[in-house]
Amino acid sequence: MDIPYIVIDQLTPDQQQVWKTYFGDADRPRYIEEGIWRRTQEKATADQSGWTAADDARRRIIHYRYRYGLVPTTAAPAIGLTDLYLYHSATAPADEIDAHHDALWDSLATGGWKEAPGGFLWTRRDLKCRITEHDAHPQDAAAGRTLPVGYRSLDVQIASVSYAPPPAVRQLPWNVLSTGIRCKDRPGTPTRVPDLSVLADLLPFQVEIGCGTSVEAGIPPLHRLHEIYRVTDRQGHEPREHRFTLSPTADTLLHEVLTEPEEKTAEFVEMFRACFLAEPTAAMWALKELKDAGHLVGPVITNNFDVLAARAGLDECFMRRYDQAVPDVEWVDGAKALLVVGLHADRRKVQARARARGMQVVYLDPEGFWRDGQFMPYPLEGPQDGDLVCRATAAEALPALVNLLKQHAG
């Protein structure tokens, strides 16, 4: 596979300006795409991990970090993937690790990788692959973690040949692992409201947005990444029913990368490409109108990396950070409510902090999605007693709120 790997070819002048303004020279490195999953087999995750007893302690860690940049061509510049880094760590009983090892060697041979002297490094054009086995993983030893007798680990690092991940990058997924699993919220008994007219008496308000607004812009939902990186088995329709991929013998990700890296990389860059090509929606422009009218205050608190709020002219307070377990929120004194749009799980406890400030929490979410002509329920996780929930889409409800407040003002 050649690096740079072209993601979007022949940018138009408008696209070049979007890159410069919101990606290349942005206030945070939006030209970096990064994700981490740590899945562990334990009692607290038994429904999805298959845990039954103390000897079940399988673990799977995925960390990817991609860098994008402008690539000159004979005509207009392109956006290319300039650095690729994928780390996969599997911990399981020794017989499963042995089978995993053998499968990797078969995949390397099928993919045409060349072994370097020493037996731990393989190359294929502009990619390199390093494999390391551990009877006891040094990260477990450093953290004081003890695994069942007979467990072993196997680490695979695939990267572009010119990229050497610094220690902070290599350590990051293990820092995330040390924070433990996320404790899901237990929903309370919120009050259902037919629309957002309640906000007319709760002005000004702040807003937090999740991937619901991104999906409305044509960006794949986050569970598409679970599919690409084989985080879950994807057997059921309901996202919360999907079981973790933990056994190395059932994990196809590395086989896909090693045997057909060009085809798999096309999937890896799919989310970034969709985010770059997306345009702000009617819901985003409605938020901008609410901001300009003084009804919406503060930055848009967002878990999204699509930059759509910024492209609609709104400031962003970015929550999806791996270097901070609880990122700061820019609260505005006098804000009476927090409107939460299309966000199913509050991993950064923004809503809890809003309640502690005495703000009314209002959710806007259809609590489901359409698949093959059928509406699949997807209940919110976070609403508590006293919260309000409007079951509508952002595209429907936010422009309607703009018109309502205009009528009140007129």
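Two strands count as paired here if DSSP finds at least two bridges between them. With that in hand, welcome to a tour of this predicted model.

**View 1. A hairpin built from strand 15 and strand 16.** Strand 15 covers residues 368-371 and strand 16 covers residues 374-377; the two run antiparallel and are joined over 4 bridges. Look for Phe-369, which stands opposite Met-376 in strand 16.

**View 2. Where domain 1 meets domain 2.** The domain assignment places 5-181 + 222-274 in domain 1 and 191-218 + 279-409 in domain 2, so you will see each domain drawn from two stretches of the chain. Their C-alpha centres are 31 Å apart. At the interface, 18 residues of domain 1 are in contact with 19 residues of domain 2. Together the domains bury about 1700 Å², with 61% of that area on carbon and sulfur atoms.

**View 3. Polar links across the domain interface.** The rule finds 1 salt bridge between domain 1 and domain 2. Zoom in on the side chains of Arg-30 and Glu-316, which meet in a salt bridge at 3.0 Å, N to O. There are also 2 residue pairs in polar contact across the interface of the two domains. On the domain 1 side that touches domain 2, helix 1 (13-24), strand 2 (32-40) and helix 5 (167-178) each supply at least two residues. The residues of that side divide into 9 nonpolar, 3 polar and 6 charged.

**View 4. Trp-331 and the residues it touches.** Trp-331 belongs to the loop between strand 12 (316-318) and strand 13 (337-341). Leaving aside residues up to four places away in sequence, Trp-331 touches Gln-206, Ile-301, Leu-338, Val-350, Arg-353, Ala-354, Arg-357 and Met-359. For a sense of scale, the C-alpha atoms of Trp-331 and Arg-60 are separated by 37 Å, and these two residues are 271 residues apart along the chain.

**View 5. Backbone angles worth a look at Pro-4, Pro-204 and Arg-230.** The peptide bond from Ile-3 to Pro-4 is cis, with omega near 5°; Pro-4 is in the segment before strand 1 (5-8). Another cis peptide bond leads from Leu-203 to Pro-204, with omega near -5°, and Pro-204 is in the loop between strand 9 (191-193) and strand 10 (205-209). Although Arg-230 is not a glycine, its phi is positive, about 55°. You will find Arg-230 in the loop between helix 7 (223-228) and helix 8 (253-259).

Technical notes. Residues numbered from 1 in each chain as written. Predicted model: local features only at pLDDT ≥ 70, side-chain atom pairs only at ≥ 80, totals over all residues. Heavy atoms only, no water. Contact = heavy atoms within 4.5 Å. Buried area = accessible area lost by both parts, 1.4 Å probe. Salt bridge = Lys/Arg side-chain N within 4 Å of Asp/Glu carboxyl O. Polar contact = N/O pair within 3.5 Å; in protein donor to acceptor, adjacent residues only side chain to side chain. Nonpolar A, V, L, I, M, F, W, Y, C, P; charged D, E, K, R; others polar.
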